[in-house]
Amino acid sequence: MENNIKDKVIAITGASSGMGEAAAKHLSQLGATVVLGARRSDRTEKLAKEIRGNGGKALAIAADVTKRDQVKNLVDSAVKEFGRIDVILNNAGIMPLSPMERLNVNEWDKMIDVNIKGVLNGIAAALPYMKEQKSGQIINTSSVAGHKIFNGSAVYSATKFAVRALTEGLRMEVKPYNIRTTIVCPGAVKTELLEHITEADIQQANKDYVGAVGISPESFARVVAFAISQPDDVDINEVIFRPTSQE
Ligand code: NDP
């Protein structure tokens with residue numbers, strides 16, 4: 001049986017590190033063509049080169065997910081270069097955790113812009129093509145923090161709850177077009193995500209925790225591949241996974 005991944009054209013935001021990078025490598029090994037979006041295009045160019053060097057197909061496009069035109073360009077470029085867009089993995093995200101009473105209001109805004117508006121920009125870019133194709137899959141990265149609130153995660157959790165809400169709403173709307181939607185909710189995964197926490201005490205506490213229990217980004221890549229690889233009439237709506245030792 002075919003894996004239902006081979007030859008698919010898959011755009012990934014946040015492909016320059018962590019889980020997006022791991023997903024790009026894994027999906028390309030399974031035969032997908034990957035279109036890699038991020039702001040640090042030196043990293044995505046290097047990754048695309050590495051994938052092509054291994055016999056895969058990859059294209060890097062600089063894209064800040066907070067800029068609607070840049071996300072549109074990411075998807076338009078996939079279609080222009082490879083003829084279609086089968087999957088968009090809206091994965092870019094930031095997590096500058098802090099207690100609300102410290103009033104890091106600029107970080108609240110940034111989380112809303114990247115984690116919510118960034119996902120919406122990805123949906124807006126891919127949906128017209130997928131409607132036309134009458135096929136596609138929109139996979140959005142939420143979090144275990146999109147199910148429960150931790151100390152210091154109020155705004156981050158709010159953005160990840162929002163990702164789940166908008167993905168579920170979308171799922172119900174796009175049935176006529178044969179489009180699948182998937183929410184992926186990872187627990188603690190070892191990536192660069194904690195580097196952007198500006199509160200030293202919060203950063204240290206999270207580094208200690210993720211350092212102790214965190215799992216590898218390949219765990220995410222396997223979940224994404226699982227969701228894509230299902231037959232077209234099966235839609236994996238949501239997957240929550242976490243380290244076995246995480247609460
Ligand atoms: P990383 O920090 O390693 O990766 C984050 C990615 O998002 C980078 O590729 C970064 O690229 C990209 N990104 C950030 N801001 C923007 C922007 N404005 N425009 C485009 N891309 C952007 O962390 P992870 O791999 O852990 O994070 C991936 C996703 O997983 C996020 O949505 C995160 O919230 C979520 N998540 C992570 C968990 C974990 O434990 N690691 C747990 C649950 C969810 P660049 O800076 O080059 O633009």
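Strand E5 is largely enclosed by the rest of the structure because six of its six residues are buried, where buried requires 20 or more other C-beta atoms within 10 Å of a residue's own, exposed 12 or fewer, and partly exposed a count in between, with C-beta atoms placed from the backbone. Strands (E, at least two residues) and helices (H or I, at least four) are DSSP runs numbered from the N terminus. The model is a predicted one, in which local features need pLDDT of at least 70 and side-chain atom pairs count only at pLDDT 80 or more, while totals for chains, interfaces and linings use all residues. Residue numbers start from 1 along each chain as its sequence is written.

Within E5, Gly136, Ile138 and Asn140 point one way and Gln137, Ile139 and Thr141 the other, and all are buried. E4 (residues 87-90) and E5 run parallel and are joined by four bridges, and two strands are taken as paired if DSSP finds at least two bridges between them. In this pairing Leu89 stands opposite Ile139 of E5.

Strand E6 (residues 179-186) is joined to E5 (residues 136-141) by six bridges, again in the parallel sense, with Gly136 partnered by Ile179 and Thr141 by Val184. The two strands and helix H5 (residues 154-173) make a right-handed β-α-β unit. E6 is mostly covered, since eight of its eight residues are buried; Ile179, Thr181, Ile183 and Cys185 point one way, and Arg180, Thr182, Val184 and Pro186 the other. E6 also pairs in the parallel sense with E7 (residues 238-241) over four bridges, where Ile240 is the bridge partner of Cys185.

Val184, a residue of E6, counts as buried because it has 26 C-beta neighbours inside 10 Å. Its contacts (C-beta atoms, placed from the backbone, within 7 Å) are Ile139, Thr141, Ser142, Phe220, Val223, Val224 and Val239, not counting residues up to four places away in sequence. The C-alpha atoms of Val184 and Ser143 are separated by 6.9 Å, although these residues are 41 apart along the chain.

The ligand is surrounded by 29 residues, of which the closest are Gly14, Gly18, Arg39, Arg40 and Gly93; a residue is included if its C-beta atom, placed from the backbone, lies within 6 Å. Helix H1 (residues 18-29) gives the largest share of this shell, three residues.

Two backbone angles remain. Most residues other than glycine have a negative phi. Lys134, in the loop between H4 and E5, has a positive phi near 55 degrees, and Lys134 counts as exposed because it has 10 C-beta neighbours inside 10 Å. Asn4, in the segment before strand E1 (9-13), has a positive phi near 60 degrees.

Notes
Right-handed = clockwise from strand over helix to strand, strands pointing away. Contact = placed C-beta atoms within 7 Å.
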